[in-house]
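The exercises below are meant to be worked with the sequence and the coordinates open side by side. Each one sets a task and then gives a solution in steps.

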Amino acid sequence: MTPTASWTFKVFVKKLRMLLANQQFLLLVVLLAMIGFFTALNPIFFSSAVFGNILLDWGPVVLIAVGETFVVISGGIDLSVGANVGLSGVVAAYAMEAMTNSHQGQNFTIFIGLLVATGVGTFIGLINALLITKARIVPFIATLATLGAAGGMSIVFTGGGPIAGGPDKAITLSVPWLGPLSTPGIVVIILVTVIGLFLHKARFGRYTYAIGSNSFAARIAGINVQLHLTKVYALSGLLAGLAGMYFYLRLGSGAPTSGAGGELDAIAAVVIGGASLSGGIGRMSGTILGAFILTTVTSGLIIIGVAPDWKQVVVAVLIAAAVLVQGLRSSARDI
Amino acid sequence: MAKIGDILLEVKNISKSYGSVVALTDVNMNVRAGEVVGLVGDNGAVKSTLVKVLSGAYQPTSGSIFLDGIERHWASPHEAIDAGIETLYQDSGLAPHLSVSANVFLGREKTVPGLLGRMGFLSQKYMDMTAHADLDRVGIAVPPSSRSVSRLSGGQRQAVAIGRAVSWASKVIILDEPTNHLGARQAGEVLAVIKAVKARGLGVIFISHTLPHVLQVTDRIVVLRLGKAVCNAPTSEFDADRLLGTITGLIETT
Amino acid sequence: MLSPRKTRKARIAALFAIGTISLLVVAGLAAPAQAATKKLTIAFVMGAEADPFFKAMKVGAEAEAAAKGVSLIWQGDPSEYSPATQIPIVDQVLAQKPDGLVLIPTDPTALQNSVAKAVAANIPVINVDTHVGDLTNVLSFITGDNADGGRKAADAMAKAIKYKRGTKYQVVVGLTSATATTNVARLQGFQTRIKSSYPGIKIVDKAYSQSQPAKANTNVSNWLTKYPKLNGIFAIDGTNASGAASALQAKGLTGKIALIGYDAYKTNVDLIKKGVFTALIAQNPAAEAKLAIDYLVTYLTNGRSKADIKALVTIPNVVLSKTTSALDLKKYTYVQ
């Protein structure tokens with residue numbers, strides 16, 4: 001091989017490795033491949049209606065995954081989000097049932113339900129924050145405790161069954177009216193975009209990265225690390241509360257099992273999206289795509305007639321691939 | 001701004017213990033405007049403890065801290081920073097995943113004007129340009145401002161850390177082992193920066209175990225031994241042997 | 001440094017959280033503690049405490065236990081219907097040495113060993129609702145007639161889609177798990193009846209929702225897209241019924257696609273009136289629990305004689321629809 005040829009080859013390899021190390025690019029490739037695969041097996045997959053179904057599932061997953069993105073970038077983890085979704089959903093359901101019984105207007109009732117759900121969610125987030133920043137319990141254990149407490153409480157409150165009796169209008173809000181988009185879906189897209197800007201363009205995100213990257217550096221730079229972490233966990237809780245309300249609007253009732261195991265979907269979306277569980281790394285676009293891939297797998301498997309349980313296997317492969325790419329990325333850097 | 005020669009930062013009878021373990025005992029020292037004070041001797045932990053007390057990261061068990069002759073109690077590093085004391089910590093003062101300019105501006109971000117600015121949206125362009133200019137002014141070869149710190153060499157990281165401290169300090173800079181792990185040329189650049197900082201009338205506390213660097217750049221040397229300040233004298237009174245003897249205790253001091 | 005006030009607040013918060021958790025734990029342990037009294041103790045291990053079906057069963061069990069003067073240990077996983085969590089629960093309950101055990105096995109083979117353990121400890125076992133594979137050592141198996149429920153669902157489906165010979169129809173079935181014997185029996189009854197009486201109906205798809213209404217909703221939403229000519233949905237239990245009902249409503253297909261549900265959760269019964277459910281098949285869990293306790297008490301107080309005990313009892317299911325009287329609707333609605 002001539003020196004020139006070997007040099008060109010090296011540049012090619014380097015470029016290829018850099019492209020492969022670009023998580024967003026890879027995720028798009030994976031997503032397109034999946035869409036192609038499912039469409040080939042059943043052409044009906046490539047339709048606005050299926051896209052609408054995927055977006056319907058995507059809403060709550062991306063809401064809690066976005067919160068989880070902040071938590072993971074800050075170097076922590078929030079296991080309580082799934083249970084939080086269930087609890088905030090049923091508490092909101094009780095509030096809306098009571099208001100409906102006293103003949104309040106439907107829009108007003110739904111609005112109050114939204115406030116209650118986000119309030120409960122934020123409250124759980126604040127308990128996490130207190131346990132982590134003040135009682136100095138590691139995030140894994142602290143949020144594992146609130147997972148158990150919130151999950152238990154939603155079953156104690158409801159006696160297990162779904163809580164309905166709220167406004168009739170709730171469920172019709174989940175009907176798509178803008179192409180494949182429903183009102184909750186549109187709200188989620190706007191919200192996720194705005195929060196993404198706060199992660200990448202604003203001080204809030206900058207501090208989150210700094211704390212996850214080196215919390216000592218953040219502290220000596222004058223950042224109030226405890227206060228910022230409190231905000232991060234509160235945000236995660238608030239978004240879980242919103243997801244609880246989202247499930248209510250979808251099911252027309254608040255079920256204590258809604259969101260069960262959702263923390264695993266959220267963490268999977270975040271990791272597939274390229275974030276590192278050791279903190280400091282992660283992109284909102286990655287999380288959004290990660291969540292989208294998860295829900296595409298769910299709908300795709302149903303459409304092609306494979307048991308959705310296979311989703312677990314596909315997700316496991318994606319997580320392994322994501323971690324592999326992370327290693328590739330750091331080695332690409334060393335060239 | 002204090003005149004050259006005024007005492008800027010002074011500590012009196014500082015002690016620090018962790019439970020029954022005593023790290024510092026009755027340490028007295030000061031630094032004047034336009035002066036470089038070398039802090040040598042003892043093990044790294046003792047020196048680091050003193051640095052953290054000076055910079056507000058630790059609270060002393062007893063003793064007092066004065067800035068411009070006024071007694072101060074730093075409850076957090078933030079308060080020391082606000083008072084004009086910047087500290088460069090050994091190896092750990094930067095967030096590796098953030099860019100050079102994000103590190104220089106960490107905790108002091110510049111926001112865009114208007115409502116978006118009040119919501120915390122950052123003026124990244126301004127920070128990139130200013131960070132580059134600041135580092136350039138300090139006289140160190142600077143990497144592009146938008147590059148992530150984890151992709152810099154050890155020398156470049158140190159340059160960023162020093163540049164960051166220099167561009168924000170208004171009174172005193174504490175440099176904990178700034179020449180550690182650096183090659184001769186890079187270490188020379190750092191020492192040149194210290195002289196430039198001194199010329200601007202700031203007080204510099206220079207902690208190092210590389211004695212030639214200490215002799216080369218400082219005006220005064222404080223020697224720590226077993227948690228006590230055993231010697232505090234002008235650098236002109238030392239040569240390499242005498243400094244080593246004082247540190248090891250072979251040369252008695254009173 | 002933390003101010004003392006802040007630290008105290010933090011401690012209170014931590015205590016609050018820990019307190020909540022321990023309360024839940026204590027609440028869980030309180031029931032077995034009653035086993036110390038001298039009267040007969042009957043342990044009741046069911047699937048998932050969260051499920052209104054079991055809540056309704058608990059009401060029946062508690063009422064009968066009080067009437068017969070026996071103490072009741074009521075245990076199950078808080079929310080998960082799974083042998084992995086049920087087996088250790090059975091072990092714990094057996095350690096309390098109850099006089100009799102009512103077991104609702106979450107899996108026919110996985111729980112077989114637990115039955116053997118109980119019988120070895122001289123504790124008689126009755127299965128309710130679902131059963132273990134080998135019933136040799138089980139005193140009695142009391143169940144809603146799930147196969148009959150499945151057949152009734154097929155009849156209700158045919159009626160709802162106005163079945164005509166020679167026409168083709170598409171229906172889907174939403175299940176919770178592939179092994180739960182109630183699911184299996186209902187599906188079997190449904191399939192058998194369709195084969196013999198309504199050959200034009202084709203079951204085009206099945207999927208599992210693992211006790212989560214949202215997952216059932218996802219399944220049905222996608223089916224509605226996949227099968228534009230779908231005629232009917234058979235939601236085989238309460239969870240699937242909730243999920244299917246909400247999916248139909250959100251797609252604006254209420255009344256256009258026949259929905260035959262199972263289990264009379266209050267939320268589902270309310271949806272009969274709105275026309276979302278064409279019919280709802282209901283069991284009588286309270287009656288099943290009552291009979292199970294009666295049998296155990298009889299057996300234990302009658303010198304362990306099987307004389308008055310039937311090895312298999314089926315309690316028929318009922319079909320609830322728009323024409324069912326309000327009184328009956330109320331009677332069969334599961335207590336929550």
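**Exercise 1. Classify the two partners of the salt bridge between D148(C) and R151(C), and say how they are placed in their helix.**

Solution. D148(C) counts as buried because its relative accessibility is 16%, where buried means under 20% relative accessible area, exposed over 50% and partly exposed in between, with a 1.4 Å probe and protein chains only. R151(C), with a relative accessible area of 31%, is partly exposed. The closest N and O atoms of the two residues are 4.0 Å apart, and a salt bridge is defined as a side-chain nitrogen of Lys or Arg within 4 Å of a carboxyl oxygen of Asp or Glu. Because D148(C) and R151(C) are three residues apart in helix 5 (residues 146-160) of chain C, about one helical turn separates them; helices are DSSP runs of H or I with at least four residues, strands are runs of E with at least two, and both are numbered from the N terminus.

Before going on, note that this is a predicted model, in which local features need pLDDT of at least 70 and side-chain atom pairs count only at pLDDT 80 or more, while totals for chains, interfaces and linings use all residues. Residues are numbered from 1 along each chain as its sequence is written, chains are lettered from A and ligands numbered from 1 in the order in which they are written, and side-chain values use heavy atoms, with hydrogens and water left out.

**Exercise 2. Locate two salt bridges of chain B that link distant parts of the chain.**

Solution. Start with E35(B) and R220(B), whose closest N and O atoms are 2.7 Å apart. E35(B) lies in the loop between strand 2 (21-32) and strand 3 (36-41), whereas R220(B) belongs to strand 9 (residues 220-225), and the two are 185 residues apart. Both E35(B) and R220(B) are buried.

Next, take D68(B) and K171(B), which meet at 3.2 Å, N to O. D68(B) is in the loop between strand 4 (62-67) and strand 5 (70-72), K171(B) in the loop between helix 6 (154-168) and strand 7 (172-176), and they are 103 residues apart. D68(B) counts as partly exposed because its relative accessibility is 37%, and K171(B) is partly exposed at 21%.

**Exercise 3. Describe the interface of chain C and chain A.**

Solution. Begin with the contacts: 43 residues of chain C are in contact with 47 residues of chain A, contact meaning heavy atoms within 4.5 Å. The area buried between the two chains is about 3,400 Å², of which carbon and sulfur atoms give 66%; buried area is the accessible area (1.4 Å probe) that two parts lose on being put together, summed over both.

Then turn to the specific pairs. The rule finds one salt bridge across this interface, and K274(C) forms a salt bridge with D168(A), with closest N and O atoms 3.0 Å apart.

Finally, assign the side of chain C that touches chain A to its elements. Those that give two or more residues are helix 1 (4-33), helix 2 (52-68), strand 7 (201-208), helix 7 (213-226) and helix 8 (238-250) of chain C. Helix 7 supplies the largest share of this side, ten residues.
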